[in-house]
Amino acid sequence: MTPERAETLEWLMQRVSAMVLAVCVIVHLAVIVIAVQGGVTSKEIVARVGGSVPWLAFYSVFVIAVALHAPTGLRNILREYTSLGRRATHWIMAAVCVLILVMGFRAVVGLYGLGA
Amino acid sequence: MSKDSLTVEIWRGREEGRFDTFEVPRMASQTVLDIVTYVQRNLDPGLSYRFACRVGVCGSCAMTVNGKPRWTCRTHVDKVADEGTLRIQPLKNMPVIRDLAVDMTEFFEKWTKAKAHFVPTTTRHDDFAQVSPSDPKRKEATAGIECINCGVCYSACDTVAWLGDYLGPAALNRAWTLHNDVRDGGQSDRIKAIAGTGGCQACHSHQSCFELCPKHLNPTASIAGLKRATAKAALKGEI
């Protein structure tokens, strides 16, 4: 793959992941607003999300979208505001992507496991 | 300052320098270029600046006026001297040669890098190409064609300031007009040249170029068109 194609597909991936995130954030916030109406407890959260395959799927998509979206933006910021080279910013982007995936899925799978 | 005169601060030197202050007589319909010319001819012959046509055609006389890039020959003092003073500096994002004259070499080199030149596909022996003014691609080209290469958009662009290899709004706008030119034969090379690092994807759509373009062009919209074109080319594996 040429560098031009790779950069363009990365850019496209960031836009598409932003669209997915827009939906995910709205659903996430809407559920929070509805759920806190009668006060919120960890027991209630586990009862709703724990062991639920649809919520597991939803938050898995959420985590993947963040892991694709955020590192690309961070790389662009590093390129514009620092003198770091292209190779360095690529590795930082990859590391942040892995970090978000690990931390995100640890939370998602952990919460699912509590109710399973 | 009185109503009959204007206090003008003008940058002197290169990257390092100072502002010199002048009192310039006010006249009706006076332009910023008239002010600079008055200073150079009457008060300080050593002042360096660049101009040619004086009527908004050549794109030579752009300068930073009260913080914003302007074509000075068509910028009336009344419109920009907010508090009765003028501060005139060279364009930003270009090396200063001296005083108000900047080195535009890199600006034009980026046009070359973007392959923002026409590549003919016919010879003088062929018939004229027939392009309808109502053709959608022709309309896109027409919307961006009147660029005078003044450098105002390039000077106003934050991304140019942040990312040294960014091609800039002017070169990309020209690439977009050529992208929509059915007679042009350089499409595949050009789309590759404007994709990737420093290309159209680097644009943040701040729209300073659109806000300040003296010809009222919209380079941001042209760049958005190029983003769509490069995305399609990348998906098809054409770049």
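Student: At what angle do H7(B) and helix H10 (residues 219-235) of chain B pack, and are they parallel or oblique to each other?

Tutor: This is a predicted model. In it, the axes of H7(B) and H10(B) are 8 Å apart and the packing angle is about 60°. Angles under 35 degrees count as roughly parallel and 65 to 115 as roughly perpendicular. H7(B) and H10(B) are therefore oblique.

Student: Is the crossing of H7(B) with H10(B) left-handed or right-handed?

Tutor: The handedness describes how H7(B) passes H10(B). That crossing is left-handed.

Student: How are helix H4 (residues 136-144) of chain B and H7(B) oriented, roughly parallel or roughly antiparallel?

Tutor: The axes of H4(B) and H7(B) come within 8 Å and cross at roughly 155°. The crossing is left-handed. An angle over 145 degrees counts as roughly antiparallel. The relation of H4(B) to H7(B) is therefore roughly antiparallel.

Student: Which residues of H7(B) meet H4(B), and how many residues of that contact are charged?

Tutor: From H4(B) come Lys137(B), Glu140(B), Ala141(B) and Gly144(B), and these meet Asn173(B), Trp176(B), Thr177(B) and His179(B) in H7(B). The contact of H4(B) with H7(B) holds two nonpolar and four polar residues, and the charged residues number two.

Student: How is helix H3 (residues 105-113) of chain B placed against helix H7 (residues 169-179) of chain B, roughly parallel or oblique?

Tutor: The axes of H3(B) and H7(B) are 9 Å apart, and the helices pack at about 30°. Because angles under 35 degrees count as roughly parallel, H3(B) and H7(B) are roughly parallel.

Student: Which residues of H7(B) make the contact with H3(B)?

Tutor: The crossing of H3(B) and H7(B) is right-handed. On the side of H3(B), the contact involves Phe107(B), Lys110(B) and Trp111(B). On the side of H7(B), the residues are Ala170(B), Ala171(B) and Arg174(B).

Student: What area is buried between chain B and chain A?

Tutor: The contact draws 17 residues from chain B and twelve from chain A. Carbon and sulfur atoms give 64% of the area buried between the two chains. The total is about 1400 Å².

Student: Which residues of chain B lose the most area to chain A?

Tutor: Three residues together account for 33% of what the chain B side buries. They are Trp162(B), Thr197(B) and Gln201(B).

Student: Where does Asp99(B) lie, and is its phi positive or negative?

Tutor: Most residues other than glycine have a negative phi. Asp99(B) lies in the loop between strand E6 (96-98) and strand E7 (101-102) of chain B. The phi of Asp99(B) is near 50°, which is positive.

Student: What is the phi of Ser29(B)?

Tutor: Ser29(B) is found in the loop between strand E2 (17-25) and helix H1 (32-43) of chain B. Its phi is a positive value in a residue other than glycine, near 55°.

Student: Which element of chain A has the lowest mean pLDDT?

Tutor: Chain A averages a pLDDT of 92, and 99% of the residues score at least 70. Among its elements, helix H3 (residues 53-81) of chain A has the highest mean, 95. The lowest mean, 84, belongs to helix H2 (residues 42-49) of chain A.

Methods:
Residues numbered from 1 in each chain as written. Chains lettered and ligands numbered in written order. Predicted model: local features only at pLDDT ≥ 70, side-chain atom pairs only at ≥ 80, totals over all residues. Heavy atoms only, no water. Axes fitted to C-alpha atoms, helices over the stretch in contact; angles between N-to-C directions. Helix = DSSP H or I, 4+ residues; strand = E, 2+ residues; numbered from the N terminus. Left-handed = near helix turned anticlockwise from the far one by under 90°. Contact = heavy atoms within 4.5 Å. pLDDT = per-residue confidence, 0-100. Buried area = accessible area lost by both parts, 1.4 Å probe. Nonpolar A, V, L, I, M, F, W, Y, C, P; charged D, E, K, R; others polar.
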